[in-house]
Amino acid sequence: MSSGLNIRQDAALDLVSLGALVHRLDPGIIPFRKATECLIHVSGGEFNVAANLSDCFRLRTGVATAMVDYPIGDLIAERVRAMGVRPFFKRFAHDGVTGPNMACVLSDRGLGVRAPVVFYNRSNEAAAQLQPGDFNWTEIFANGARWFHSGGIFAALSKTTPELIIEGMKAAKAAGAVVSFDLNFREKLWKISGGLDTAQATIRRIMEHVDVLVGNEEDLQKGLGVPGPEMAAKSKLDPSTFFGMIDRVVALHPQVKVVATTLREVHSTNRHSWSAVAWINGQTHVAPTCELDVYDRVGGGDGFAAGLFYGLLSGAAPDEAVKLGWAHGALLTTFPGDTTMATLEQVQAFAQGGSARIQR
């Protein structure tokens with residue numbers, strides 16, 4: 001059973017992502033109003049996929065993004081290098097006072113009955129100023145790229161970022177790359193960019209160029225305007241509601257070959273039931289369900305996307321690709337930060353039914 005995707009075998013880069021790099025301040029289980037110290041994680045919905053594919057799955061990846069020449073930019077650039085991702089930076093000078101800035105995401109981890117809280121400082125963000133013409137796609141794709149990835153977070157930043165996504169997708173298609181998009185619908189971001197109508201009109205234009213779509217039921221409803229199921233699912237782990245919406249997604253966007261998402265039932269902040277589903281070239285696939293003891297939930301969805309893309313890029317059967325995404329996403333929630341600390345061997349072992357028994 002094939003994925004229906006026409007994936008190049010030879011190229012200098014396995015994946016190029018386009019999006020905003022951010023730094024996330026994490027006071028752990030302490031809420032910000034009582035925090036005295038923070039960890040700093042480097043992140044970005046689109047970058048995370050490239051970082052995971054490079055560091056865990058040993059693929060050659062790149063990221064096209066904005067970089068500001070000041071110490072926070074240096075910190076972020078160092079982490080990009082550490083994850084083995086090739087940078088394609090549009091550089092901005094910092095004025096020493098107001099920016100432009102590298103965005104800051106702030107989130108405490110929550111605990112038990114207390115949910116995690118996420119908020120932003122994206123004031124005067126350099127990435128929001130990115131526009132068509134800022135990247136030399138001919139140069140980026142000169143020696144080939146097999147896959148191009150972007151997402152809804154970057155699309156929501158300004159009026160120019162969706163135009164840049166479309167420009168990048170067209171260039172990627174011309175270079176023979178598969179194009180993926182993670183809807184990653186963020187109400188807070190779209191609210192300041194024109195609201196739901198603007199979001200749907202914008203995403204509709206991007207979707208014309210997409211082969212692989214990542215997004216949950218809410219993403220499909222709010223991002224694409226696809227109506228939800230008539231009946232509410234009894235469980236968040238019930239794949240039937242997601243599959244029930246696929247026909248409508250494919251009717252709107254017939255060129256899409258893959259639609260996938262994670263399924264998560266949150267019992268408490270640190271206890272989730274976890275599964276994943278995908279519609280691949282007309283066939284449906286459901287991953288197993290496991291119980292997660294969650295350390296840090298941020299980045300689990302990007303972890304799933306990276307594992308799924310790796311499976312498809314490496315020629316795994318669609319069923320196996322979904323399991324690899326499910327396994328990597330699960331492991332990612334056991335690490336601090338938004339990007340992977342797992343090894344390929346750990347992911348493969350878990351995908352094949354491994355357990356948490358001690359490895360001696």
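A salt bridge here is a side-chain nitrogen of Lys or Arg within 4 Å of a carboxyl oxygen of Asp or Glu. By this rule the structure has 16 salt bridges. The model is predicted, so local features need pLDDT of at least 70 and side-chain atom pairs count only at pLDDT 80 or more, while totals for chains, interfaces and linings use all residues. Residues are numbered from 1 along each chain as its sequence is written, and side-chain values use heavy atoms, with hydrogens and water left out. Helices (H or I, at least four residues) and strands (E, at least two) are DSSP runs, numbered from the N terminus.

- Side chains of opposite charge can pair when their charged atoms come close.
- Arg-24 and Asp-296 form a salt bridge through their side chains, at 2.8 Å from N to O. Arg-24 belongs to strand β2, whereas Asp-296 sits in the loop between β14 and α10 (300–313), so the pair ties together parts that are 272 residues apart in sequence.
- Arg-24 counts as buried at 3% relative accessibility, where buried means under 20% relative accessible area, exposed over 50% and partly exposed in between (1.4 Å probe, protein chains only). Asp-296 also counts as buried, at 3% relative accessibility.
- Glu-345 and Arg-58 form another salt bridge, with the closest N and O atoms 2.8 Å apart. This pair links distant parts of the chain, 287 residues apart: Glu-345 is in helix α12 (residues 344–351) and Arg-58 is in the loop between α1 (45–55) and β4 (61–69).
- Glu-345 is partly exposed at 42% relative accessibility, and Arg-58 is exposed with a relative accessible area of 52%.
- Lys-323 and Glu-320 meet through their side chains in a salt bridge of 3.8 Å, N to O. Both residues lie in helix α11 (residues 318–332), and because they are three residues apart they are separated by about one helical turn.
- Lys-323 has a relative accessible area of 22% and is partly exposed; Glu-320 counts as partly exposed at 34% relative accessibility.

- Strand β12 (residues 271–280) has nine of its 10 residues buried, so β12 is largely enclosed by the rest of the structure.
- Two strands pair if DSSP finds at least two bridges between them.
- Strand β11 (residues 258–268) runs antiparallel to β12, and 10 bridges join the two. β11 and β12 form a hairpin with two residues between them, and Ala-260 stands opposite Ala-278 in β12.
- β12 is also joined to strand β13 (residues 283–286), by four bridges in an antiparallel arrangement. Ala-278 has His-285 of β13 opposite it.
- The hairpin of β12 and β13 has two residues between the strands, and Asn-281 there takes a positive phi near 50°.
- Strand β14 (residues 290–293) pairs with β12 as well, antiparallel and through four bridges. Arg-271 stands opposite Asp-293 in β14.

**The four-stranded sheet**

- An open sheet of four strands has the order β3-β2-β6-β7 and mixed pairing. β3 (39–43) and β7 (117–121) stand at the edges with a single partner strand each, so one side of each has no neighbour in the sheet.
- From one strand to the next, the twist averages 25°.
- Five bridges connect strand β2 (residues 22–26) with β3, and the two run antiparallel. Val-22 has Ser-43 as its bridge partner in β3.
- Helix α2 (residues 71–82) lies across β2 and β3 and runs at about 65° to β3. Axes are lines fitted to C-alpha atoms, for helices over the stretch in contact, and angles run from 0 to 180 degrees between N-to-C directions.

**Helices α5 and α7**

- The axes of helix α5 (residues 161–174) and helix α7 (residues 195–207) come within 10 Å and cross at roughly 10°. α5 and α7 are therefore roughly parallel to each other, a class for angles under 35 degrees, with over 145 counted as roughly antiparallel, 65 to 115 as roughly perpendicular and the rest as oblique.
- Pro-162, Glu-163, Ile-165, Ile-166 and Met-169 of α5 make the contact with Thr-202, Arg-205 and Ile-206 of α7, where contact means heavy atoms within 4.5 Å.
- The residues of this α5–α7 contact divide into five nonpolar, one polar and two charged. Ala, Val, Leu, Ile, Met, Phe, Trp, Tyr, Cys and Pro count as nonpolar, Asp, Glu, Lys and Arg as charged, and the others, Gly among them, as polar.
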